[in-house]
Amino acid sequence: MNLEHFESRVLPVKNKLFRFAFRMLGSSEEAKDVVQEALIKVWNGREQMAGIENMEAWCMRITKNLSLDRLRSMQRKQTDSLEGVDVKQEALSPHDRTEIQENMQRIDELMANLPDKQRQVMHLRDIEGHSYNEIGEILEIDLSQVKVYLFRARNAVRERLIKLNAYGL
Amino acid sequence: MLMDSKQLDELLQKYWNAETSLEEEQLLKEFFAREPVPEALRETASLFRYFERQKNVSMNDAHFDRELRKKIRPNQTPNGTIRLFPFGSLGVAQLARIAAGLFVVVAATFFIHQEVKKAYPDEPEDTYTDPKVAFEETKKALMMISNSFNKAQKEASKINVFNEAQDKIKKGQDEKKTNI
């Protein structure tokens, strides 16, 4: 893989890697560092990557492993707000925008409180749109586990969301 | 694609059971992106909108690519060190093979040159610049060789006398033997 190939095939997935690292670490600065480290690792290991078919899934897997290493060294999870992170705002009234922002914040917290594997599987499926097989490849788990984690994660978020909206709990 | 409430319910049930395909999930995302959604599905709609918004989250760091490019260089080896001699992907073993090949070619050229030199020695350089002097010197040398030949011939004639005497003695002995 040459530099041109790296810039056209690998570098464009940086935001996807960032979102995944951010989901795992809860800190945008830590997530950026992890993405940089992951991309350097991909570049340095380019000679061994000739046979890799799904480069994106491979990059996600490296990002996951580096995020786990960092989590271990951090010893605690932080929950940053998305401040400093670019979220495209739709053309909405201030009231709607506030309500949506609050809802988004709630779901963000609900997802952050999920067990690690459930959170990772739900992110990879519902936000990044990966297939079940790709998720298994990235997280190094089998297909049935992917579906079990996804089932649990979706239902946990749904139940808590219903409770929050119904009783404000 | 427009869905009736029954189709929507079925699809959502599949979704909560983690049984939907990516295409079916895309249909749900498109459905919930539109306004208005039924009141009963408000929570579900906000969840799908959350997913769509999250998809657009980016790093928002203009310096990221530049910083990364500084840290990765085309001549960087897999272990992160810089190659002083960038020979692409050639390893030490391959370089050693190339060096050995070059050595064989150089050695063969040297020995062939030596053999050619032996087979065709260089002509001696001229010792005289004036042709007349050279002629005189050549004449002297030839005269000397001629004198030596004449001397040698005289000496050789003496050897002939010995040979003739030897033959006569041999002849006499043979005659005696036949008489006996």
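Chain B contains six helices and zero strands (DSSP runs, H or I of at least four residues for helices, E of at least two for strands, numbered from the N terminus). This is a predicted model, in which local features need pLDDT of at least 70, side-chain atom pairs count only at pLDDT 80 or more, and totals for chains, interfaces and linings use all residues. Residues are numbered from 1 along each chain as its sequence is written, and side-chain values use heavy atoms, with hydrogens and water left out.

**Exercise 1.** State where B:Leu95 lies and whether B:Leu95 is buried, partly exposed or exposed.

*Solution.* Step 1: B:Leu95 belongs to helix 5 of chain B, residues 92-119. Step 2: buried means under 20% relative accessible area, exposed over 50%, and partly exposed in between (1.4 Å probe, protein chains only). Step 3: B:Leu95 has a relative accessible area of 32% and is therefore partly exposed.

**Exercise 2.** Describe the contact between chain B and chain A.

*Solution.* Step 1: chain B brings 40 residues and chain A brings 53 residues to the contact (heavy atoms within 4.5 Å). Step 2: four salt bridges are counted between the two chains (a side-chain nitrogen of Lys or Arg within 4 Å of a carboxyl oxygen of Asp or Glu). Step 3: A:Lys14 and B:Asp65 form a salt bridge through their side chains, at 2.9 Å from N to O. Step 4: on the side of chain B that touches chain A, helix 1 (5-16), helix 2 (22-33), helix 3 (42-55) and helix 4 (64-71) each supply at least two residues. Step 5: helix 3 of chain B gives the most to that side, with ten residues.

Definitions and conventions. Chains lettered and ligands numbered in written order.
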